[in-house]
Amino acid sequence: MFSKEQSKEIRQQFWIFFGKRYPRKWLLYNTGIKDVSLKFDFDTKKAIVAIESAANDEIGREYYFDKLISLKNMLLEDVSSELIFDKVYLLPSGKVVSRCYLLLENVSIHNKTTWPEVFDFFNTSMNKMENFYIEYKEYIAS
């Protein structure tokens, strides 16, 4: 078991090492659409690469989620057949978002031996997710 401070330090180390291994600027929050972002998430049980709508109202979240659903076949082909589409995804903070994501299980940010697998998962998956988003951004935004 790690203290909060130890856990925070390990998380910082992970992101520093990831940034050094893949030194590039990821799209993430700079999508050009206020309520849509691309996300990396890594905790003690799983790693996730996602495109999500965090609009404050259900209508806004559903609007962007429906856009992604309309592109589902292309997303599955261009990004991964393992994509998960979740209209109501509850974040640990209690906030509800709509999310299309890839999941890598049985990894832990506290277990440095799993980091190389997560580095590769993040790099490969986010590259595909970003490329897809860039190609279909105008449609998603309209």
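Trainee: Leaving aside its neighbours within four places in sequence, which residues is Ser 37 in contact with?
Mentor: Ser 37 touches Leu 28, Tyr 29, Thr 31, Ala 50, Ile 51 and Glu 52. Contact here means heavy atoms within 4.5 Å. Before we go on: this is a predicted model, where local features need pLDDT of at least 70, side-chain atom pairs count only at pLDDT 80 or more, and totals for chains, interfaces and linings use all residues. Residues are numbered from 1 along each chain as its sequence is written, and side-chain values use heavy atoms, with hydrogens and water left out.

Trainee: Why is Ser 37 called buried?
Mentor: Buried means under 20% relative accessible area, exposed means over 50%, and partly exposed is in between (1.4 Å probe, protein chains only). Ser 37 has a relative accessible area of 8%, so it counts as buried. You'll find Ser 37 in strand β1.

Trainee: What makes a stretch a helix or a strand?
Mentor: Both are DSSP runs, numbered from the N terminus: H or I over at least four residues for helices, E over at least two for strands. The protein chain has 4 helices and 4 strands, in the pattern α-β-β-α-α-β-β-α along the sequence.

Trainee: How do you know that the span of α2 agrees with what a helix should have?
Mentor: The expected span is 1.5 Å times one less than the number of residues. For the 13 residues of α2 (residues 58-70) that gives 18 Å, and the end C-alpha atoms are 18 Å apart, so the two agree.

Trainee: Which residues of α2 are buried?
Mentor: Gly 60, Arg 61, Tyr 64, Phe 65, Lys 67 and Leu 68. They cover an arc of only 150 degrees around the axis, so they sit on the same side of α2. That arc is taken from the directions from the helix axis to the C-beta atoms. On the face turned away from the buried side, α2 carries the exposed residues Glu 58 and Ile 59.

Trainee: What covers those buried residues of α2?
Mentor: The cover includes β1 (36-42), β2 (46-53), α3 (72-78), β3 (84-90), β4 (96-105) and α4 (115-141).

Trainee: How do you know that the radius of gyration of the protein chain agrees with a compact globule?
Mentor: The radius is taken over C-alpha atoms, and the globule rule is 2.2 Å times the number of residues to the power 0.38. With 142 residues the rule gives a value near 14 Å; the protein chain has 15 Å, so it agrees.
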